[in-house]
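User: I would like to go through some of the labels used for this model. Please give the value and the cut-off each time.

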Amino acid sequence: MLVFLYFILILVIGGISYQKINGHKDFFIAGKNGNSLEIAGSLLATILGSSAILGSVDSAYEIGWAGSWLLLTAALGLMLLYPFLKYIAKFQNYNLSELLGDIYGIEVQILASFVIPIAWLGVVSSQIIGAAKIVMILSSINYIEAVILSGGVFIIYTFLGGQLSIIKTDFFQLLFILVGVLGTFFYIGENIKDIEGLGIVNEKFNYLDVMVLILTYSTTCLVGPDIYSRLFCAKDIIVMKKALIITVAILVPMAFILSGIGIYGREVLDETHTGLKSVLLLIAERKLNRITSTFLYFGLLSAVISSADTTLLTASSLFTQCFFKNLKNERSVLVTNYLIYF
């Protein structure tokens, strides 16, 4: 029952957002009126996807506190982006491919508009599958029904309100993510404080591994289309700067919180079975009470959907760029909605 109420609530947010859409600017960049909390909330909900949360915990299970580097390098990527905000704030179009087109020419714009959406098709599919699996845990419906329900909901509210829906629902979903993760951490906190894990750099994760992660994962936050799609919604450069500062300020402690959960899992779980399922899900099943585990599952569901809606709209709007020089027309909205739906 709770999962259906959750989906109804985010559909209501999507419906309210739909009523506020007055043109392409509202649909693609939320009217460029986002405040710092909205932009930070959307950035965090996008970065703290299920892969980042589960991946951080699973990594910490294997390599100790070095598992925190996943989110720390994401924070570093955002910090490296900070000096470029003055250029991003001057940009008056709607997505990264248009920005690349302004710098390198229309050929690069078209190429980016074609390649990025194709690369993200698998990402959207995996997010629908992930959401369905969590819905099955929270309800009695089967896998096919869960796929239809979870996929249908985020497609509908993205279709209705575009970027405005995503900004609003992301903030709501971020609250679930934070409550779920922090609730888990504090529930097992008494057990974590006496556990000594491997250091943040150790024999299993050395300085070379850190550099590789910086070169790979940090760049997803430095040049990622989903990150830029959030920033383009900001009202002005002051909002952008505050949003990045807030995002980094939350990502850093979250990196260590998730690692702490993973290290706890190393101590309490049967090592022979952890490869079959995520460490965090095993902790939820075996070590949390029903209320705490329910909040955690809703947090993970929110993490999946908040990443899925951003990926879906960004990929659809980028592909629309293959047909239009820019998105400042109502036909672009129609084509993007068609791509979202199908």
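User: Why does C322 count as partly exposed?

Analyst: This is a predicted model, in which local features need pLDDT of at least 70, side-chain atom pairs count only at pLDDT 80 or more, and totals for chains, interfaces and linings use all residues. Residues are numbered from 1 along each chain as its sequence is written, and side-chain values use heavy atoms, with hydrogens and water left out. C322 has 25% relative accessibility. Buried means under 20% relative accessible area, exposed means over 50%, and partly exposed is in between (1.4 Å probe, protein chains only). C322 is therefore partly exposed.

User: Why does C221 count as buried?

Analyst: C221 has a relative accessibility of 3%, so the label buried applies.

User: What makes E38 and K168 a salt bridge?

Analyst: The term requires a side-chain nitrogen of Lys or Arg within 4 Å of a carboxyl oxygen of Asp or Glu. In E38 and K168 the closest N and O atoms are 2.6 Å apart, so the pair qualifies. E38 lies in helix α3 (residues 36-47) and K168 in helix α9 (residues 143-187), 130 residues apart, so the pair links distant parts of the chain. Helices here are DSSP runs (H or I, at least four residues), numbered from the N terminus. A search of the whole structure finds one salt bridge.

User: Are the two partners, E38 and K168, buried or partly exposed?

Analyst: E38 is buried, because its relative accessible area is 17%. K168, at 31%, is partly exposed.

User: Why is S56 called buried, and which residues does S56 contact?

Analyst: S56, in helix α4 (residues 50-63), has 0% relative accessibility and therefore counts as buried. Leaving aside neighbours within four places in sequence, S56 is in contact (heavy atoms within 4.5 Å) with S51, G67, L70, L71 and L258.

User: What makes T314 buried, and which residues does T314 touch?

Analyst: The relative accessible area of T314 is 5%, so T314 is buried. This residue sits in helix α15 (residues 290-320). T314 touches W120, P225, D226 and S229, not counting residues up to four places away in sequence.

Technical notes: Helix = DSSP H or I, 4+ residues; strand = E, 2+ residues; numbered from the N terminus.
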